[in-house]
Amino acid sequence: MDQEHSDVIIAGIGQTPVGEHWKTSLRSLAAEAILAAIKDSGGLKPQVLYIGNMLSASASRQANLGALITENTGLTGAEGVTVEAADASGGAALRMAYIAVLSGAVDAALAVGVEKFTDVIGPESDSFLAQMLDADFESAQGLTPLSLAGLLFQRYLYEYSPDRKAFAGFPEVAHANAVTNPNAMFPRALRAQDYEKALQTGEVLNLFDAAPYADGAAAVLVTREDTLPRGWDKPVVRIVGSSLVTDRLSIHDRSDPLIWDAARLSIERACRKAGVMPKDVDFFEYHDATTLHATLSLEAAGFASQGQGWMLAKPAVIGLDGQIPVATFGGLKARGHPLGATGLYQAVEATLQLRGEAGKNQVKGAKLGLIQSLGGMAATAVAHVLSR
Amino acid sequence: MKDQGIINKPARSVGIVGYGAYIPRYRISGTEISRVWKGEALRGPVKEKAVAGPDEDVITMSIEAARNALARSGINPELLRAVWVGSESHPYAVKPSGTIVAEAIGAPVHIQSGDWEFACKAGTEALVAAMGLVGSQMGDYALVIGMDTAQGKPGDALEYTAACGGAAFIIGPAEEALATIDAQYSFVTDTPDFWRRAYQKYPEHGQRFTGEPAYFNHVKSATSTLMESEGLSPEDFKYAVFHQPNEKFPSRVARQLGFKPEQIKDGLLSPKIGNTYAGAALVGLTAVLDIASPGDRILVTSYGSGAGSDALVLTAKEALLERRSAALSTQDYIARRTEIDYALYARFRGKIAMK
């Protein structure tokens, strides 16, 4: 590792429970996570806020989050701006904070992801979610993220003839890990037979194939080691690799709809920057928006060959004690998927792992973690490598 | 007058001196509705729901229930000082249902009459007002009715439960009561979980938002505040009746509050008649009064979207035993059923566009 990137460290983390926050506004959710991260850092004051959010302009009829959220957090006048990359917004906000500190432009930057999804329901929320797809060529045809994932899943079944029941392992592991996460939306175990009996939400996907969209906020305060408050005594977690890659937005413009190039490249580049190989990491916080996402993410990261990602869907492989632990606090599936906040939940959870503060969710001896946040069908992919 | 805090107890003690239910005869099953809208007969949130006939509306059904209440009370309708109908399906937007009901049952001209609207708690709201009228000695008897021909948009989740029916009560002095009303408490907030705008035919709802922050928060808050203030706990009640939009919600809220299934089963009618909206908790109470013994304590908590809950503690009295046979029982109405298919249902409920 060269000195340049080993300097960027995570000094503070904060998160709210993920769920249906009917009584808490967008601004209050964000404030809760931000203030927790500032407190966790020992009172470090960020000079810039990058706010990962996808839906506030449509679901909450609120744009201009930079001003709203700095003001409501007692940071009036600080630099603040929204970073939007569909459900990879949180990962993208973290990357902006990383770049800001790395460049020397600021000493401390805060990335917060916040989403207030449950303000809208039914066809309205479906149409807002579909904004992550290509409006002219995908959502105009009636596609939503879930229906498109369903079509791709159908193609996956056709191309590779996997054992359909094997996919149960993804939600099973996620739910098992969520049981001991106080911030998880569904901290309940899921049995393989529950998966087999689950309500079909489409031709091929069932209820447990898709992560629940939810409300929540998570924040990460990034700084350099030399600006840490005096007396700071937590284990130092460094951001040693960071990459954001885009792909063609529409699935039909890609050479193979089941190969997610941006997902692969973002991990390759983040790992190259970190000087590590994906196989070296102790855990992988992947973007399991659906079991198709889980499968293709594992393939993109190189943990499985093309068409074989589903074979890893076993507790022995991806569980906390497995070869490549994923979704260590429940992942999108069971912790919940607050869209633009999700990437920062991953960063918060990875930091807990690397600090050794993950409690019952601890991956033993975790020193190197990989997190990846995907926007839509991996049209935007953001990967970070974190190291203790 | 002494300060009574937030629990409503009128200066003069009051009670129910007459009660009557009305449930129309037609039933449509959940499986029949899902056959039409989902292509297969699936089990719904209730087994079947009561459907008004083509010549019935909130006014005609209110008259039926009011006549039953009068029969049980034994009072001359000339003595009524109020006729109040709570509903979210008043036949007229402007023109009271109450005046038609009053004239049909022989109430005098010197009455208070007006229609009440608070989604599914319009009936209990009218009942609380009647407690005030009788309790202040402005009058001796007031007739209150909760009745609905509830609207559910064809194909919507509400269509499986939105039902027709309700109940009427004559509130009078406690000494004459079949059941005394011992204490009452209401809990109200601005919670937009379900609404219907003017000129709209069908209501809209906030899906899962209608659960925890709406129904459960209000029913639990109203019930537990009343029980705590009165020093009562679930074991002190023989029966409990909760607003019943389906089978699941009242069963769950009862469990959460510490009530046992045997305390709610007799007043839980929604599996057989659906959600009668402003009538739901009240018609459940009539089924309990049909079987209660003197001394039995009864809890009733309604819920109206928008949102609020009225909770009441009642005690059954000796007079109930001889007077309740003066009208058809609620179970008689439930047993009197004619099953119809979706086509007849669509015709009866005016869902076929004729022009």
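Colleague: How are residues, chains and ligands labelled here, and which pLDDT limits apply?

Modeller: Residues are numbered from 1 along each chain as its sequence is written, while chains are lettered from A and ligands numbered from 1 in the order in which they are written. The model is predicted, and local features need pLDDT of at least 70, side-chain atom pairs count only at pLDDT 80 or more, and totals for chains, interfaces and linings use all residues.

Colleague: How many helices and strands are there in chain A?

Modeller: Helices (H or I, at least four residues) and strands (E, at least two) are DSSP runs, numbered from the N terminus. Chain A has 14 helices and nine strands.

Colleague: What is the radius of gyration of chain A, and what would a compact globule have?

Modeller: The radius is taken over C-alpha atoms, and the globule rule is 2.2 Å times the number of residues to the power 0.38. For 388 residues the rule gives a value near 21 Å, and chain A, at 19 Å, agrees with it. The C-alpha trace of chain A spans about 55 × 45 × 40 Å along its principal axes.

Colleague: What percentage of the residues in chain A is buried?

Modeller: A residue is buried if 20 or more other C-beta atoms lie within 10 Å of its own, exposed if 12 or fewer, and partly exposed in between, with C-beta atoms placed from the backbone. Buried residues are 59% of the 388 in chain A.

Colleague: Why does A:Asn206 count as partly exposed?

Modeller: Because A:Asn206 has 19 C-beta neighbours inside 10 Å. A:Asn206 sits in the loop between α9 (192–197) and β5 (216–224) of chain A. Contact means that the C-beta atoms of two residues, placed from the backbone, lie within 7 Å. Leaving out residues up to four places away in sequence, A:Asn206 touches A:Ala198, A:Leu199, A:Gln200 and A:Thr201.

Colleague: Which residues have the most contacts inside the largest nonpolar core?

Modeller: A nonpolar core is a set of buried Ala, Val, Leu, Ile, Met, Phe, Trp, Tyr and Cys residues joined through C-beta atoms within 7 Å. The largest has 140 residues, and those with the most contacts inside it are A:Ala97, A:Ala111, A:Val112, A:Ala219, A:Val220 and A:Leu344. Helix α2 (residues 26–40) of chain A gives the most to this core, nine residues. Not counting residues up to four places away in sequence, the contacts of A:Val220 include A:Ile10, A:Leu94 and A:Leu344.

Colleague: At what angle do α5 and α14 of chain A cross?

Modeller: Axes are lines fitted to C-alpha atoms, for helices over the stretch in contact, and angles run from 0 to 180 degrees between N-to-C directions. The axes of α5 (residues 89–102) and α14 (residues 342–355) of chain A come within 5 Å and cross at roughly 60°. Among the residues making this contact are A:Gly90 and A:Leu94 of α5(A), with A:Gly343 and A:Leu344 of α14(A).

Colleague: Where are the domains of chain B, and how far apart are their centres?

Modeller: Domain bounds come from an automatic or database domain assignment. Domain 1 of chain B covers 14–178 + 323–348 and domain 2 covers 183–318. Their C-alpha centres lie 16 Å apart. The contact takes 45 residues from domain 1 of chain B and 41 residues from domain 2 of chain B.

Colleague: How many residues of chain B are in contact with chain A?

Modeller: Five residues of chain B contact five residues of chain A.
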